[in-house]
Amino acid sequence: MDFEIDQVKFDERGLVPSIIQDAQTREVLTLAYMNRESLQRALETNETWFWSRSRNELWHKGETSGNTQLIVDIKIDCDGDALVVLVSPAGPACHTGARSCFADDEATFSLSQTLDQLYGLILDRQRERPANSYTTYLFDQGLDKILKKVGEEATETVVAAKNESQKELVGEASDLFYHLLVLLVARNISLDQIREELVARHKAGEKQ
């Protein structure tokens, strides 16, 4: 983690707003505040620590509930006065029991969040290889099998697009998305790399 406390510009109360975000799904979990001491403890323990403005004291997320947040990365904004803390949560982030303070458990994920979640699940399957899993079967068969399935699903998507049924096209496109994610995991390519490439192309297009 390439992060230094001295980069942070704390406000007149000695605090910095910190957006806590799920590192896998990129869902915003909560907004909290850190002071220098809580940020230092977070860096030392690799778990989130905050400053409670209402209780006027430090608090360790999950200390009593067990719903800790393992820090994956910390990013600082261009002005140095706000943080994004990417975490792997061990449970709900909100005191109400909801996974996020900004949405209830019935909230629908965006496409980006859904793909992130599915990518993470596929990555787990690659590592753990549980029995009776189709994803495990693909990884066990190897890259050539995965490539063959991507090709087959791409062809089926094209055929479905020629027909009138939107439901069929949605199903085939979903199959293609899944197998493409398996291919990316197999080749050790992250969704962030794809995002960065798309953003770069978008910016290049704006300049043309």
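S5 and S6 pair in the antiparallel sense, over 7 bridges; two strands count as paired if DSSP finds at least two bridges between them, and strands are DSSP runs (E, at least two residues) numbered from the N terminus. The model is predicted: local features need pLDDT of at least 70 and side-chain atom pairs pLDDT 80 or more, while totals for chains, interfaces and linings use all residues. Residues are numbered from 1 along each chain as its sequence is written, and side-chain values use heavy atoms, with hydrogens and water left out.

Within the hairpin of S5 and S6, 6 residues lie between the strands, and Gly80 there has a positive phi near 80°. S6 (residues 83-89) is also joined to S1 (residues 16-22), in parallel, by 5 bridges.

| Residue | Bridge partner in S6 |
|---|---|
| Leu70 | Ser88 |

The open sheet has 4 strands in the order S2-S1-S6-S5, with mixed pairing. S2 (28-34) and S5 (69-76) are at the edges with a single partner strand each, so one side of each has no neighbour in the sheet. From one strand to the next the twist averages 25°, where axes are lines fitted to C-alpha atoms and angles run from 0 to 180 degrees between N-to-C directions.

Val28 belongs to a nonpolar surface patch with Ile19, Leu31 and Phe102, together about 350 Å² of accessible area. Such a patch joins nonpolar side chains within 5 Å, from residues with over 30% relative accessible area and no salt bridge (a Lys or Arg side-chain nitrogen within 4 Å of an Asp or Glu carboxyl oxygen). Areas come from the Shrake-Rupley method with a 1.4 Å probe.

Notes: Patch = residues over 30% accessible without salt bridge, like charges linked within 9 Å, V, L, I, M, F, W, Y side chains within 5 Å.
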